[in-house]
Every structure is written in structure tokens, then in C-alpha cells.
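Dear colleague,

Please find below the structure for your review. My findings follow it.

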Amino acid sequence: MNIVKQLVPTVKRLNDVTKYCRASCSSFIHSSPNFSAQVHSPDQEVVIALGSNVGDRLHNFNEALQLMRKSGIHITRHAYLYETAPAYVTDQPNFLNSAVRAVTQLGPHELLGALKKIEKDMGRTDGIRYGPRPIDLDILFYGKQRITSEILLVPHERIWERPFVMAPLMDLLGSSIDSDTVSCWHSFSNHSDGLFDSWEKLGGEPLIGKEGLKRVLPIGNGFWNWSTRTSVMGILNLTPDSFSDGGKYQSVEAAISQVRSMISEGADMIDIGAQSTRPMASRISVQQELDRLIPVLEAVIGLPEAEGKIVCVDTFYSEVAEEAVSKGAHIVNDVSAGQLDSNMLKVVADLKVPYIAMHMRGDPSTMQNSENLQYDNVCKLVVSELYSKVREAEILGIPAWRMIIDPGLGLSKNCEHNLEILMGLPNIQAEIGRRSLALSHAPILIRPSRKKFLGEVCNRTAATERDAATVASVTAAVLGGANIVRVHNVRDNVDAVKLCDAMLRQRRSIPPSNKK
């Protein structure tokens, strides 16, 4: 879904705001690098673009961000990662591009000096302009100021012509204007309706996914472009008491047999859980969970059939997540979004792996009590509550480009709530976009498989009798924007997903002029 196309009211409001900002934003600063009147305010909000196409590009980004923090540049928001074709000098490797919002007390030329030092320390040398480089750091915006000096021009002079700059820049905004500073950034655009209009005129969201500009999420040693098709995540429960298949896969042999079966049926991901999160489930200890999990995880990672597959660990314990990743797990899937273990977010930030953040109130033993089932507007409240956890994760070092969003079907929701979420995925995405366009682009995971609400609707008491209803809910979710579906019955849902993806491709192939 194109979030920017929903911004007409915001853009109209923006026109009034930018008129104010053109009067209130700081005047042009014409100076030399040592100009004595250089502004040093307590905090300036800045936008810095990152690019790399030499060596381990993601490692270069991580190192640059760490050095920026040590230099007094406090990062508050991350754009998504974009793999992009080189511009201007085309005979070179593809770039990885992104951008960050940050606050700093450094003056503009001090900031430039700090960034140039980071580039030099990371091995960048003078070479061909627009040529290969391990890291490239550019100041796009500095507070409300326009700056012109012998060595610095802000806003950066070529923002408006570069999709690989504009795409991550847009990610750092919300569809709602969240501050006077952001309003000023819009007013700096070369279009009357601000940055949104500049991005649309350049080509906008339809550019993403085409050759030369792909939004990607880092997993393992590669990058995942989730826009090409929906991924199917097969469930492997190692618990004795899960609501659907508890006790079936407690031995390593039985678990491996099931994994082989799911892979042969088309699973892209395997989600391994050793702690039950069904309603009223009792919590087991970290050690008990590890004892169940690690032997199976090691066996799964060692399977030849699992090569190229993504393995997730389903846990809300940070110690379990850390041990599982050390054994080869690629993703941490946390039903609590960090609220059941205060160390989880920091641990995942240090692990530098993707993080599935799910909405849930309370814990498995309390999530279905009457207090946790109170919603005035379930989609808006799910977004509001989950977004606060995701922002906390980002501040602690989990960038938006590692996030996967899960609205939490069946956990602290009743039947009506679950149906509203299934039907309301585009609204959820748009509501996230009001706060952060980057997070509105994050992959959405949906987990309806054999849930109680399906049994209530279809009058199916036994969980294993709910596979047809699961297929129907998966179909609705994929057509509504889900990127990953988590299921027990892999074969039937792989077929459903293939059909949905074909329908979506057909819809995208129809020229806008032919759509009614």
C-alpha cells in the first residue's frame, strides 16, 4: 500500500505550516568553516545519509553508527536499508543506502568534521568522485538552518534528484508533521507541497522494488527483499501443552521429521518455540526452555534441507535469544515486544539480528482477562501500544531496518478484535505511517493459525479442524498487506499464498489509467 497517497489532508495542512516555517526557519548562514558566529545550540536535530559499496556494507554501517554515537551524535530514528544501483559512475558494485535522524550539540562544521573523521578512520580515501567507498556520510539537514560555506551546503544540494537519498529520507518522517523542525525540512523542498511532493515527483513508492532500488532487511549473511512474495513460516512447538500440537515434537527425532516435512511443503521459515504462550500457560524457567530448545535447534541448523531457510527462535527470554542466535538462529520472535524481559531489547540490539515485535497485553496467564480485552479502537490502540515498544527498541539500538511487526492475533484480543485486525491491516499500516514511514514499510507478520477465534466463527472445537478457516484468514491477511504468515499446515497455506501473490502481481500490472 502506498502510504504517501493517503496524505492529502496532511499536505494541505503542510502548506500552512511551511508558510510559517519559511518565515521562522533560520536564515542562510554564509560562512567559512571557522566563522566565529557558527551556531552552537543545546540540541540540533539533524539528518545524515549513509552509503557503502566496499567490503561488508552492513558492517560498515554498524561501525559508522557506533562511531557517530561516540562523537556526540545521538541517533533517534533509522530509515530502512536500500540496495541501490550506482549513480553517475556505474561501473562499480551496488550500494547500501540509508539515513538516520539524530540530535547533537555539535555545530554544523564540527559535525561535518566529525563525519569526515569517521570516513577517514574507516578507510575512505580521496578517489573518483561518486566512486566506490567503504562509507559515505552526508549532512542532509541541520536543524532549521540553511547553511552555505566553502565546504558545506545544507540542505544537501542533490537531495531532490536522487531516489537513493529521498527514499530513506522519507522513511525518517511520519505522514503527520511531528515538529517545527520537520516542517522546516518540508519548506526546504523545491516543491510547494514539501518533501512528500518532491518524492512523488521523483517517482515515489512505485520506484521501490524495481531494478536499482530495493528495500531490504538483513538476515544472516544476506539481504531479504520481502516485497517479491509472501513468506510462509512453519510452526515447530517443542512444548507439551501448546493448544494445537502440544507434546507431538518433544523428541529431537520427531521435531526434525516435522521440519523436513514443512520444508518439503514449501516453508520459507521455521519458527521454533519451547515455551507455550497459549492462554493461561504457566511460565517455565530459562534453563528449562534452553534444555528443550537447543538440541533441536542445533539439529535443524545442521540439516542440509535447511540451507537457505530462515530459522526463528520464539522466546521472550533474552538469555534464550542470545544462546539461540549463538547456535545459528537468524531471527528473534518475541510475543511480548520486550515487556516480559527488561534486557531483551538491549540484547537483541547487540546481537544485530532481525526482531519480531508482537503486540500483547499482560502475559500468557493474564492476557485474556477482562481488563486486557478493553479496546475503544483495536487497530489504533494496537498500533499505539506496539509503536511505543518499537520506539524504545530503536532508541536502544534496534534500527527500523531490523524490525518485523506483528499485531498479535489471538493474544489479548477477543474474536471481534481479531476480525477487525484481519480486515484492518491497511489501516494499521497507515496508522504506523502517521508516526514513522520507515516502520510502516516493515514486514508484517500474521499468526492466525488454528486460533480459537476461527473455531468460534466456524464452530470447530478442535484446533486441528481449523485449517480451512486458517487458509481463509491467511488469504485475507496477504491481500490486506501481510508479508509473513505463521502456520501449522504449511502445504495448504503455501498454495493460498501463491494464489494471493499472483493476484497482487496482476493488480500491480494493470496501469493506473485502467483501474476503476
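**Helix 17 and the cysteines**

In this predicted model, helix 17 has the following buried residues: V490, N493, V494, A496, V497, C500, D501 and L504. Because these residues cover an arc of only 165° around the axis, they lie on the same side of helix 17.

On the face turned away from the buried side, helix 17 carries the exposed residues R491, K498 and L499.

The length of helix 17 also agrees with expectation: its 20 residues (490-509) should span 28 Å at 1.5 Å a residue, and its end C-alpha atoms are 28 Å apart. At the N-terminal end, helix 17 is capped by N489, with a side-chain oxygen 3.4 Å from the backbone nitrogen of R491.

Turning to the cysteines, how many disulfides does the structure hold? The count is zero. For C458, the closest cysteine sulfur is that of C415, and the two sulfurs are 9.2 Å apart, which is too far for a bond, since a disulfide requires sulfur atoms within 2.5 Å. C458 counts as partly exposed because its relative accessibility is 38%, whereas C312, at 1%, counts as buried.

Yours sincerely

Key: Residues numbered from 1 in each chain as written. Predicted model: local features only at pLDDT ≥ 70, side-chain atom pairs only at ≥ 80, totals over all residues. Heavy atoms only, no water. Buried < 20%, exposed > 50% of the residue type's maximum accessible area, 1.4 Å probe, protein only. Helix = DSSP H or I, 4+ residues; strand = E, 2+ residues; numbered from the N terminus. Expected span 1.5 Å × (residues − 1). Arc of directions from axis to C-beta. Polar contact = N/O pair within 3.5 Å; in protein donor to acceptor, adjacent residues only side chain to side chain.
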